[in-house]
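Student: Please take me through one part of this structure closely, from the whole chain down to single residues. I would like the cut-offs along the way.

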Amino acid sequence: MIRKTIRILILSIALVPGAFLLFPGKSHGADALPTGNWLSLGGFSWHGGHGYNDRNPGLGFEHDLPTGYFGAFGIYRNPYFHDSVYVFSGRRYQVWGPLYYGGLVGFVTGYPGLNSGNAVP
C-alpha cells in the first residue's frame, strides 16, 4: 500500500507542472495575483462523531502563479482511516480584497467506496 501511494505521489508531482503547460496564462501586470509556494499541513476535521477519523495529518505543496492559476499535490490520512494522495490544478479570480472565487480539477485516492480506493476525479 505504501509503495503504491508513493508511486501515485510521484505521478502527482509530475502532473502539476503539466497542468500549467496545458493552461498557460498571461501576466496581468499590476493586477496580477501574488505568486508563491505554500506548504500545507493537515490536521483535524469534524464529522459529528459518526465513526469517522477526525485526525487527518497531512503534508502538501501548492504553487501559485500571478495569472491566478495554481497547482497542488500532497498526502493525508482521510476520514476512512486510509492514506489519500491528491493532485489538482485550478484557477482563481479576485472579486474584491481577500475574496476570491474559482475552480479546480484533479484526482484523489484512498476512498474505498469510490473506484475501490484508486484515483478518482
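Tutor: Gladly! The protein chain has an accessible surface of about 8,200 Å², and carbon and sulfur atoms hold 66% of it (Shrake-Rupley method, 1.4 Å probe; for residues, only the protein chains shown count as cover). The model is predicted, so local features need pLDDT of at least 70 and side-chain atom pairs count only at pLDDT 80 or more, while totals for chains, interfaces and linings use all residues. Residues are numbered from 1 along each chain as its sequence is written, and side-chain values use heavy atoms, with hydrogens and water left out.

Of the 121 residues, 28% are buried, meaning under 20% relative accessible area; exposed is over 50%, and partly exposed lies in between (1.4 Å probe, protein chains only). Along the sequence the pattern reads α-β-β-β-β-β, where helices (H or I, at least four residues) and strands (E, at least two) are DSSP runs numbered from the N terminus.

The five strands make an open sheet in the order β1-β2-β3-β4-β5, with antiparallel pairing; strands pair if DSSP finds at least two bridges between them. Because β1 (36-44) and β5 are at the edges with a single partner strand each, one side of each has no neighbour in the sheet. From one strand to the next, the twist averages 20 degrees (axes are lines fitted to C-alpha atoms, for helices over the stretch in contact, with angles from 0 to 180 degrees between N-to-C directions).

Within the sheet, β2 (residues 55-64) and β3 (residues 69-77) are joined by seven bridges, and H63 faces G71 in β3.

Now for the hairpin. β4 (residues 83-96) pairs with β5 (residues 99-108) over ten antiparallel bridges, and W96 lies opposite L99 in β5. Two residues separate the strands, and G97 in this turn has a positive phi of about 50 degrees.

W96 and L99 also belong to a nonpolar surface patch with Y93, V95 and Y101, about 600 Å² of accessible area together. Patch residues have over 30% relative accessible area and no salt bridge; like charges are joined within 9 Å, and nonpolar side chains (Val, Leu, Ile, Met, Phe, Trp, Tyr) within 5 Å. A salt bridge is a side-chain nitrogen of Lys or Arg within 4 Å of a carboxyl oxygen of Asp or Glu. Both β4 and β5 supply at least two patch residues, with the largest share, three, from β4. V95, in β4, is partly exposed at 49% relative accessible area.
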